[in-house]
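Here is a briefing on selected local features of one protein chain. Please have the sequence and the model open while reading.

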Amino acid sequence: MIHNNKAFLIFVCQVTFAQYNLQIPKSYIAYKTTEKITIDGFHNEAIWNRVPWSSSFVDIEGSDIPIYDTRVKMIWDDIYFYILGTLEAPHIWGDIQKKDAIIYHNNDFEVFIDPDNNGHTYYEIEINALNTIWDLFLTKPYRESSQSALNDWDANGLKSAIQIDGSLNNSEDIDRKWLVEMAIPWKVFKTAYFQNNIPSDSFWRINFSRVNWEHEVINGKYQRKKDKKGRFLPEKNWVWSPHGEVNMHQPEKWGYVFFSTKKIIDTVSFEIPNDEKIKWMLFEVYRKQKQYFAKHKEWSTSLKKIKAEKVLVLGEEIYPKLDSHDLGYNVIVKSPFTGNLIIIKEDGELVVKQN
């Protein structure tokens, strides 16, 4: 029986992903602006009023609804990627003032950016209510190496500002929200001197996180709350695009931001490309190999052994090829949608060979 109905294909796609407990990533269209943007946290420019807010953040596991609302807006020009975040909070506090300290030990706002969508080589920027920055580059996710973070990387030229609707570090009143405004230069994401890396009418993988701690007030000062044994209570992780588990360092689960060159009044639509859905399923093969390795101390040389000899994407049955070698493996798929070869390696790096 042949189905040509688009709704049916979407249904098949969602059912298949549900079998693997996969969250469908969020998407957002960021419009280009010619308006001069002043980074002051006030977002007075007309363009900020014309572009939509993202959907509200959810718990990273995708189940609980956060008690405080968080949303973002994005725009861009030929120099900067602009981000505006609004974070509801009845108590706004922070005490970390040293750059590149562990900012998430305060309540914070975090940006994750993977320009080349290869599951490796991505960027993270964290900021607290004091406008203290931690910027770092990761060669690969922590699941592959605990030494993958390069804290010496600097987002040179980054502009940021905080505005507080309430008061900072005043435990005697109730606050309303704090706003983050950022301008990140495109040049900080370059991997070659002459590279033109501005993503005009294309997408990057991006996600946002908000870390929120339970607090207590000691001698008039806010602190992270501890249990009876003196251990810090676990933080809340609220994100734009949920992961299904508490781990932000999974670039394959981040959202899709499409950078449109069209005017806001134009009708612009963005659909996640079908090849991306193949990548999601390849990461499930990768995870099954991880589980097999943890049990047997070697990679499986058979996809049938790990029940990954076939994947279903948008009604298409796809049969991956496993290429084992001395140091690991490659799983290779030829896309029925584009003819591209999509490859995932044993360390989770994606490679796409264009048709």
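The model is predicted.

**The sheet**

- Four strands make up an open sheet, ordered β18-β19-β20-β21, with antiparallel pairing.
- β18 and β21 (350-353) are the edge strands. Each has a single partner strand, so one side of each lacks a neighbour in the sheet.
- On average, neighbouring strands of this sheet are turned by 20° against each other, direction ignored.
- Helix α3 packs on this sheet and touches β18, β19, β20 and β21. The direction of α3 makes about 25° with that of β20.

**Strand β19 and its partners**

- Strand β19 spans residues 328-334. Of its 7 residues, 6 are buried, so the strand is largely enclosed by the rest of the structure.
- Strand β18 (residues 321-325) pairs with β19 in the antiparallel sense, over 5 bridges.
- Two facing pairs can be located here: H325 is opposite G328 of β19, and L322 is opposite V331 of β19.
- The link from β18 to β19 is a hairpin through 2 residues.
- β19 also runs antiparallel to strand β20 (residues 341-345), joined to it by 5 bridges. N330 has K345 in β20 as its bridge partner.
- The hairpin formed by β19 and β20 has 6 residues between the strands. In its turn, G339 has a positive phi of about 85°.

**R287 in helix α3**

- R287 belongs to helix α3, which covers residues 274-296.
- Is R287 buried or exposed? Its relative accessibility is 16%, so R287 counts as buried; the cut-off for buried is under 20%.
- The R287 side chain makes a polar contact with the side chain of E252, at 2.3 Å.
- Leaving aside residues up to four places away in sequence, R287 touches R143, Q250, E252 and K253.

**I162 in strand β9**

- I162 sits in strand β9, residues 159-165.
- I162 counts as buried because its relative accessibility is 16%.
- Which residues does I162 touch, not counting residues up to four places away in sequence? They are I127, N128, A129, N131, W178, L179 and V180.
- I162 and G85 are 77 residues apart along the chain, and their C-alpha atoms are separated by 9.7 Å.

Note on methods:
Residues are numbered from 1 along each chain as its sequence is written. This is a predicted model: local features need pLDDT of at least 70, side-chain atom pairs count only at pLDDT 80 or more; totals for chains, interfaces and linings use all residues. Side-chain values use heavy atoms; hydrogens and water are left out. Buried means under 20% relative accessible area, exposed over 50%, partly exposed in between (1.4 Å probe, protein chains only). A polar contact is a pair of N or O atoms within 3.5 Å; within protein, one must be able to donate a hydrogen and the other to accept it, and residues adjacent in sequence count only if both atoms are side-chain atoms. Contact means heavy atoms within 4.5 Å. Two strands pair if DSSP finds at least two bridges between them. Axes are lines fitted to C-alpha atoms, for helices over the stretch in contact, and angles run from 0 to 180 degrees between N-to-C directions.
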